[in-house]
Amino acid sequence: MLRSLLDSYPILRFAEVLDRRQENRVSELGMLAQAFEFVKTNGISGDYFEFGLWRGKTFTWARMMARRYRVAGVKFRGFDSFQGLPATAERQFSIWSQGQFAFSRREFEQVLKRKGFRTDEYELTEGFYDQTLTPQLSNQLQSRGVKAAVVYIDCDLYESTRDALRFMRPFLQEGTVVCFDDYFAYRGRPDMGEQRALAEFQEANVTFRMRPYLLYGSLGMSFLHHSNLVP
């Protein structure tokens, strides 16, 4: 019984978080805590957008932190192919493969149900981003006044991150927290992966500025979005 308890996920997770705190290191869970406390303190209203859901770990943590910091009125919006990663032209230094992280929508929704999500708390968009992140969907959400408070981009790949950022452009507001879970993948090269996608987004949108916020995990980086920021 004791061994079973010690090997349980909550106990192992607590040990992991405690260990990272001792290293003065922010985990993915800690990043989401920071993000939701930040938007609560600054009075930023909006939804949570996550790109790349896999088994729902960060998606459920986001809901946990929104509740902990009493951030009300958040819709949790998830985007995933549920078929795993698409093909990518960037193969050098890649640590992923096509089809990796496949997890069906049915399985994902079962996870959410076990975690206590109500069906009206979330919306899922299923499919590869080049097919689903359309102007029609963007216009539909904009017509409902949707804005983003926290964005979590766990796309891994350049192409998927590029599509996610293009889609998010009209939903970003002053102070939106944007997290990139694999920002320092590809051995940290700035011309590959999520770093490349963000650099191109900023070059194409000169009035949009992402100011560095927090490093987290082993590969993650977060930013605060600002408009018309004077250099």
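Predicted model: local features only at pLDDT ≥ 70, side-chain atom pairs only at ≥ 80, totals over all residues.
Seven strands make an open sheet, and I read the order as S3-S2-S1-S4-S5-S7-S6, with mixed pairing. Which strands sit at the edges? I find S3 (122-126) and S6 (208-216) there, each pairing on one side only.

**S1 and S2.** S1 (residues 47-51) runs parallel to S2 (residues 76-80), and I get four bridges between them. Which residue of S2 does Phe51 face? I see Phe79 opposite Phe51.

**H3 on the sheet.** Then I checked what helix H3 (residues 28-41) touches. H3 packs on the sheet and reaches S1, S4 (148-153), S5 (177-180), S6 and S7 (220-227). Against S6, I note a direction of about 135 degrees for H3.

**H8 and H9.** Last, a helix pair. Two packed helices are described by the angle between their axes and the distance between the axes, and I looked up both. For H8 (residues 158-168) and H9 (residues 193-204) I have an angle of about 35 degrees and axes 8 Å apart. The crossing of H8 past H9 is right-handed.

Who meets whom? From H8 I list Tyr158, Thr161, Arg162, Leu165 and Arg166. Across from them, H9 brings Gly193, Glu194, Arg196, Ala197, Leu198, Glu200 and Phe201. I sorted the residues of this contact by type: five are nonpolar, two polar and five charged.

How values were computed. Residues numbered from 1 in each chain as written. Heavy atoms only, no water. Axes fitted to C-alpha atoms, helices over the stretch in contact; angles between N-to-C directions. Helix = DSSP H or I, 4+ residues; strand = E, 2+ residues; numbered from the N terminus. Left-handed = near helix turned anticlockwise from the far one by under 90°. Contact = heavy atoms within 4.5 Å. Nonpolar A, V, L, I, M, F, W, Y, C, P; charged D, E, K, R; others polar. Pairing = 2+ DSSP bridges.
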